[in-house]
Amino acid sequence: MTFPASKLRLGVLSLVVSAVLVAIKFYAYMLTASQAVLTDALESIINVFTSGFALYSLYLSGLPKDENHPYGHGKVEYLSVGFEGALILIAGLYIFYSATLAFLEPHAVARPDLGIALLSITALVNLAVGFLLIRSGRQLKSVALVGDGQHLYLDAVSTLVSCVALLLVAATGNALFDAGAALLLGGFIVVNGLRMVRRSVGGLMDESDVVVVREVIGELQQFRRPAWIDVHNLRVLRYGANLHIDCHMTMPYYFSLDEIHNELNDIEALIRERFDVEVEMFVHADPCTFTSCSHCHMPECPVRHHPFSKEIGWTLTNAVKNERHRLVAE
Ligand SMILES: [Zn+2]
Ligand SMILES: [Zn+2]
Ligand SMILES: [Zn+2]
Ligand SMILES: [Zn+2]
């Protein structure tokens with residue numbers, strides 16, 4: 001992956017806009033002393049830090065493989081998500097704490113009219129920039145930019161909640177609406193942070209991506225050839241956007257190295273074509289034994305010991321295990 005200047009420019013734009021909006025939101029908090037506005041401002045300040053770090057990790061993960069990072073640099077993206085998640089979690093817990101205090105002992109909200117005006121401006125800017133990021137992110141096929149844009153949309157929604165809270169406070173004079181909105185937003189932020197940390201840990205621990213594993217097995221099953229007797233020990237690792245896939249394939253033991261090499265090349269090409277992202281695939285060849293004969297399709301096999309009985313379909317269960325396939329009867 002290269003790092004086009006337009007992607008970088010859009011990333012920087014979102015960073016600068018977020019920084020300006022944070023300043024406006026903190027100004028609004030100073031005017032209103034509203035818990036909901038504080039919540040909104042805190043969430044935005046995290047956005048500034050995290051989009052900065054995300055920009056850096058986007059740059060790192062796009063670096064080509066080199067001799068000291070033979071699998072590429074894609075995994076740094078999980079670190080960025082984890083960092084962002086941890087920050088969001090801490091902010092969410094703080095907001096929860098401070099909103100609970102405000103709930104128990106509500107203090108007055110000043111100048112809700114000014115607060116609403118300032119917040120509305122930030123929401124409009126967020127919507128406009130978010131729209132721009134999502135549209136160009138789709139054109140540039142950048143998951144990170146689209147994600148950034150969706151985040152800005154979400155920000156606008158939480159700003160809307162703050163505005164409604166200020167409106168209710170202005171209409172009723174009851175500051176509990178303010179603390180209630182802050183609690184609601186705080187809960188939302190905590191859940192969001194937990195989800196991001198969870199995703200980051202899954203990626204760093206090489207949690208298997210069952211959807212991709214199923215796709216690989218389905219593709220092999222659909223185009224399987226007689227010489228591909230059984231596939232086992234199939235593993236998929238995701239490195240940022242790229243995939244590393246390896247598996248064992250049992251093949252006729254009397255094939256020449258040349259024949260095996262051709263079959264393996266075809267398997268690798270088949271799987272590589274299936275995915276849009278870069279795929280690195282290694283297949284290890286196992287020589288067949290006579291326990292395979294009863295489910296082996298090889299026509300005119302010169303060494304067949306048992307007649308063909310029936311095919312064993314390749315599934316998530318038998319293709320992932322590190323064990324050759326056998327018919328139960330044997
Ligand atoms: Zn490197
Ligand atoms: Zn094996
Ligand atoms: Zn080769
Ligand atoms: Zn055979």
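**Entry 1**

I began with Asp-246, which counts as buried because its relative accessibility is 14%, under the 20% cut-off. I note that the model is predicted. I then looked up the partner of Asp-246 and found a salt bridge to the side chain of Arg-235, at 3.0 Å from N to O. Asp-246 belongs to strand β2 (residues 242-251) and Arg-235 to strand β1, 11 residues apart. Arg-235 is partly exposed, with a relative accessible area of 48%.

**Entry 2: Salt bridges elsewhere**

I searched the whole structure and recorded eight salt bridges. I reminded myself that side chains of opposite charge can pair when their charged atoms come close.

I examined Glu-215 and Arg-274, whose side chains form a salt bridge of 3.3 Å, N to O. This pair links distant parts of the chain, with Glu-215 in helix α7 (residues 210-222) and Arg-274 in helix α8 (residues 257-274). Glu-215 is partly exposed at 27% relative accessibility, and Arg-274 is partly exposed at 34%. I also noted that Glu-219 joins Glu-215 and Arg-274 in a network of salt bridges.

**Entry 3: Glu-311 and Arg-224**

I looked up Glu-311 and found its side chain in a salt bridge with that of Arg-224 (3.5 Å, N to O). Glu-311 lies in the loop between β3 and α9, and Arg-224 in the loop between α7 and β1, so the pair ties together parts 87 residues apart in sequence. Arg-224 counts as buried at 13% relative accessibility, whereas Glu-311 is partly exposed at 34%.

**Entry 4: A nonpolar patch**

Finally, I recorded a nonpolar surface patch of about 310 Å², made by Leu-8, Val-12, Val-16 and Val-20. Leu-8 is placed in helix α1 (residues 5-32).

Notes:
Residues numbered from 1 in each chain as written. Chains lettered and ligands numbered in written order. Predicted model: local features only at pLDDT ≥ 70, side-chain atom pairs only at ≥ 80, totals over all residues. Heavy atoms only, no water. Patch = residues over 30% accessible without salt bridge, like charges linked within 9 Å, V, L, I, M, F, W, Y side chains within 5 Å. Areas by Shrake-Rupley, 256 points an atom, 1.4 Å probe, with all protein chains shown as cover. Salt bridge = Lys/Arg side-chain N within 4 Å of Asp/Glu carboxyl O. Helix = DSSP H or I, 4+ residues; strand = E, 2+ residues; numbered from the N terminus. Buried < 20%, exposed > 50% of the residue type's maximum accessible area, 1.4 Å probe, protein only.
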